[in-house]
Amino acid sequence: MLPSSVRPTAGTDPAIIQGGMGVGVSGWRLARAVASSGQLGVVSGVGLDTQLARRLQLGDPGGHLRRGLAHFPFPGVAEAILERYYTPRRPGPGQAFRPAPVSSLRASKAAAQLVVAANFVEVFLAKEGHGGRVGVNHLEKLQMATPAALYGAMLAGVDYVLMGAGIPTEIPTLLTDLAAGRPGRVTVDV
């Protein structure tokens with residue numbers, strides 16, 4: 001628990017913003033701990049699709065990912081992800097992970113759904129069980145999955161969106177469009 005001198009009161013800006021960098025480092029557990037203490041916990045949104053697929057194939061110890069997917073607002077998508085990736089035990093020696101589809105200009109429906117669901121799950125788990133604030137951090141230069149990723153985080157009630165590695169001039173419009181139920185888009189630099 002943080003001393004009262006650094007704990008914000010309701011409606012104030014946080015004194016601490018936990019960094020959201022590092023795939024698998026700034027995850028839901030760390031962000032939840034920081035947000036539970038009254039500060040801003042931030043999950044890294046980078047690579048969450050691959051991370052979700054791999055963690056499900058490692059058996060999802062504790063059942064956290066499956067719990068998050070159970071709250072995903074599109075149950076058919078969650079079921080398809082579980083069917084494709086979940087296994088109750090780790091792959092044996094020499095067994096490869098089933099690969100996650102790659103985001104691209106013409107990403108498959110499965111790729112987009114996995115990105116949306118993975119961002120939803122990470123933010124949902126970070127926000128679960130407390131009233132603190134949680135943000136998600138994405139990289140502007142990784143543009144292919146950005147609309148789907150932010151949509152998933154928004155479905156989970158993300159409080160803040162942080163962007164690094166570029167100048168995210170199109171992100172406010174994207175967030176406004178997604179919040180209004182309109183299609184969102186970003187320009188992809190080639």
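What classes of residue make up the lining of the second largest cavity? By class, 5 nonpolar, 1 polar and 2 charged residues are found there. Here Ala, Val, Leu, Ile, Met, Phe, Trp, Tyr, Cys and Pro count as nonpolar, Asp, Glu, Lys and Arg as charged, and the others, Gly among them, as polar.

The model is predicted: local features need pLDDT of at least 70, side-chain atom pairs count only at pLDDT 80 or more, and totals for chains, interfaces and linings use all residues. Residues are numbered from 1 along each chain as its sequence is written, and side-chain values use heavy atoms, with hydrogens and water left out.

The whole structure contains 2 cavities of 30 Å³ or more. A cavity is a set of points on a 1 Å grid over the protein atoms alone where a 1.4 Å probe fits but cannot get out; lining residues have an atom within 4 Å of a point. Volume is the space filled by probe spheres set on the points. The second largest cavity holds about 50 Å³. Its lining consists of Leu48, Gln51, Leu52, Arg55, Leu65, Ala118, Val121 and Glu122. The largest share, 4 residues, comes from helix 2. Helices (H or I, at least four residues) and strands (E, at least two) are DSSP runs, numbered from the N terminus.

Helix 1 (residues 28-36) has Trp28, Ala31, Val34 and Ala35 buried. Buried means under 20% relative accessible area, exposed over 50%, and partly exposed in between (1.4 Å probe, protein chains only). Seen down the axis of helix 1, the buried residues fall within an arc of 130°, so they line one face. The arc is that of the directions from the helix axis to the C-beta atoms. These residues pack against strand 1 (40-44), helix 3 (64-70), helix 5 and strand 2 (133-139), with contact meaning heavy atoms within 4.5 Å. Just after helix 1, Gly38 takes a positive phi of about 95°.

The structure holds 3 aromatic pairs. Rings of Phe, Tyr and Trp (its six-membered ring) pair if their centres lie within 6.5 Å; planes under 30 degrees apart count as stacked, over 60 as edge-to-face and the rest as tilted. Phe72 and Phe120 pair edge-to-face, at 5.2 Å centre to centre and 70° between the planes. Phe120 is buried, at 4% relative accessibility. Phe120 and Phe124 are stacked, at 5.8 Å and 15°. Phe72, Phe74, Phe120 and Phe124 form one aromatic cluster.

Note on methods. On a 1 Å grid over the protein atoms alone, a cavity is a set of points where a 1.4 Å probe fits but cannot get out, and a pocket is an open set with protein on both sides within 12 Å along at least five of seven lines; lining residues have an atom within 4 Å of a point.
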